[in-house]
Amino acid sequence: MEHYQAVIIGSGQGGTPLSKKLASAGWKTALVEKAFIGGTCVNVGCTPTKTMISSARTAYLIAESGSRGVRSSKPEVDIREVINLKNKIVAKFRNGSEKGLEATENLTVIHGEAIFSREKTLRIKFKDGPDTEISADKIFIDIGTRPNIPKIEGLEDIRYLTSSTILDLEEIPGHLVVIGGNYIGLEFGQMYKRFGSNVTILEKSERLLKKEDEDVSEEMHKILTEEGMEILFNEKTKKITPSAGGFQLITDSGKTIIGTHLLIATGRIPNTDNLNSQIPGVDLDDKGFIRVNGKLETSVKDIYAIGDVTGGPAFTHISYNDYIVIAANLLNGENRTTEGRQVPFCMFTDPQLGRVGMTEAEAKAKGIKYVVAKIPMAQVARAIETGETRGLMKALVDEKTNEILGAAIIGTEGGETMTVVQMAMLGKIKAAEIREMIFAHPLYAESLNNLFMSLEK
């Protein structure tokens with residue numbers, strides 16, 4: 001049985017750089033991957049979806065070009081070519097990762113499925129050939145999540161889509177029904193609306209983006225419905241039956257919806273059931289996520305977990321930061337923790353929602369006195385000049401310290417503008433300083449002057 005100093009299970013955005021870092025430090029390291037190098041982000045997450053969203057935005061800009069004085073014919077979407085472009089970019093990213101791994105000394109890449117057989121021992125199942133076992137001093141679990149498929153009567157009788165399978169759908173749905181108004185549901189819903197589908201989204205809550213402030217939620221709802229998307233709230237799916245050309249869906253409230261394609265966007269579940277992680281005694285929560293402390297240690301010594309499988313913020317950049325925390329602690333003797341770290345994120349609707357820090361509800365729960373700076377994108381010079389005036393800019397400012405507590409930016413490149421605020425928060429730059437800061441003109445970021453000027457009114 002081959003023994004390693006470190007074995008990383010899963011080649012996601014934490015596992016890949018961690019394996020390279022440990023191997024480069026001289027550790028005998030193995031990286032085990034049962035599917036494709038790159039994990040969710042590269043293969044069925046960020047890279048493919050954002051590529052296709054870019055194609056959808058191109059179609060939207062062509063359709064709206066008359067408002068900018070440019071006459072054009074109605075855009076024709078070649079969905080197969082959209083998918084081909086997506087596949088090329090995914091392959092480029094994946095191949096780049098593979099080459100980087102292959103060039104790393106002390107690193108062995110094993111293409112197979114890892115299953116715990118004992119605490120520090122893994123059985124590797126191969127598609128072709130007999131199983132083998134490997135052992136390690138330290139094991140790092142980066143196995144991610146997969147789409148959650150809810151129990152709905154009749155669902156198994158139709159060909160439904162998930163966020164993974166829809167990426168290879170070589171037709172544009174006549175009527176796409178989306179169960180779930182989360183980030184995945186909204187991004188795909190808007191994308192296919194722009195490709196030419198009728199789109200209906202069923203959301204079980206009373207509003208979109210329930211964790212966001214109500215004004216942010218309402219603004220996003222307004223933007224999406226103005227594009228022609230139908231969004232139904234307080235709706236749960238009761239039953240689905242096949243029908244000619246598609247299916248019939250009945251909700252708990254008695255609504256009947258006829259669709260051609262169904263996308264399930266009801267969250268994600270951890271892949272721990274495939275790992276057999278109960279054998280080494282690793283503690284799981286009631287949803288199957290691995291419990292870790294601030295140093296990403298599990299309940300078993302020398303077994304760590306990183307990325308989405310920990311149940312923390314499910315973002316690629318958080319998984320990457322997990323790697324940084326572990327590498328700093330193990331290789332440099334530091335005492336880093338994930339506790340209290342900034343968690344910025346961006347929803348890639350168009351316009352984007354960029355968010356960092358506290359919402360009003362969170363600030364109130366902590367008893368913090370704050371003031372709100374807010375302006376519509378219609379007051380942003382760059383937005384007016386480019387015709388991208390949908391959305392708003394909002395920030396919470398501590399009433400005593402004048403430090404920024406959080407921000408939500410709905411606007412073109414809202415994630416980029418949010419990042420400017422994030423860096424200001426990290427550097428404890430006061431809102432008053434940003435109000436008077438010199439920004440290049442005319443940028444979206446320059447509107448941060450105006451945003452914090454709103455506090456003077």
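Start by selecting Cys346. At 18% relative accessibility, Cys346 is buried (buried is under 20% relative accessible area, exposed over 50%, partly exposed in between, with a 1.4 Å probe and protein chains only).

This is a predicted model, in which local features need pLDDT of at least 70, side-chain atom pairs count only at pLDDT 80 or more, and totals for chains, interfaces and linings use all residues. Residues are numbered from 1 along each chain as its sequence is written, and side-chain values use heavy atoms, with hydrogens and water left out.

Stay on Cys346 and look for the closest cysteine sulfur. It belongs to Cys46, 11 Å away, too far for a bond.

Select Cys46 next. Cys46 is partly exposed, at a relative accessible area of 31%. The closest cysteine sulfur to that of Cys46 is in Cys41, at 3.3 Å, also too far for a bond. How many disulfides does the whole structure hold? The search finds 0; a disulfide here is a pair of cysteine sulfur atoms within 2.5 Å.

Now go to the strands. These are DSSP runs of E, at least two residues, numbered from the N terminus. Two strands pair if DSSP finds at least two bridges between them.

Select residues 237–243, strand β11, and residues 246–251, strand β12: they run antiparallel, joined by 6 bridges. Ser243 has Gly246 of β12 as its bridge partner. The hairpin leaves 2 residues between β11 and β12, and Gly245 in the turn has a positive phi of about 80°.

Gln248 stands opposite Ile258 in β13. Finish at Gly254: this turn residue has a positive phi of about 100°, in a hairpin with 4 residues between β12 and β13.
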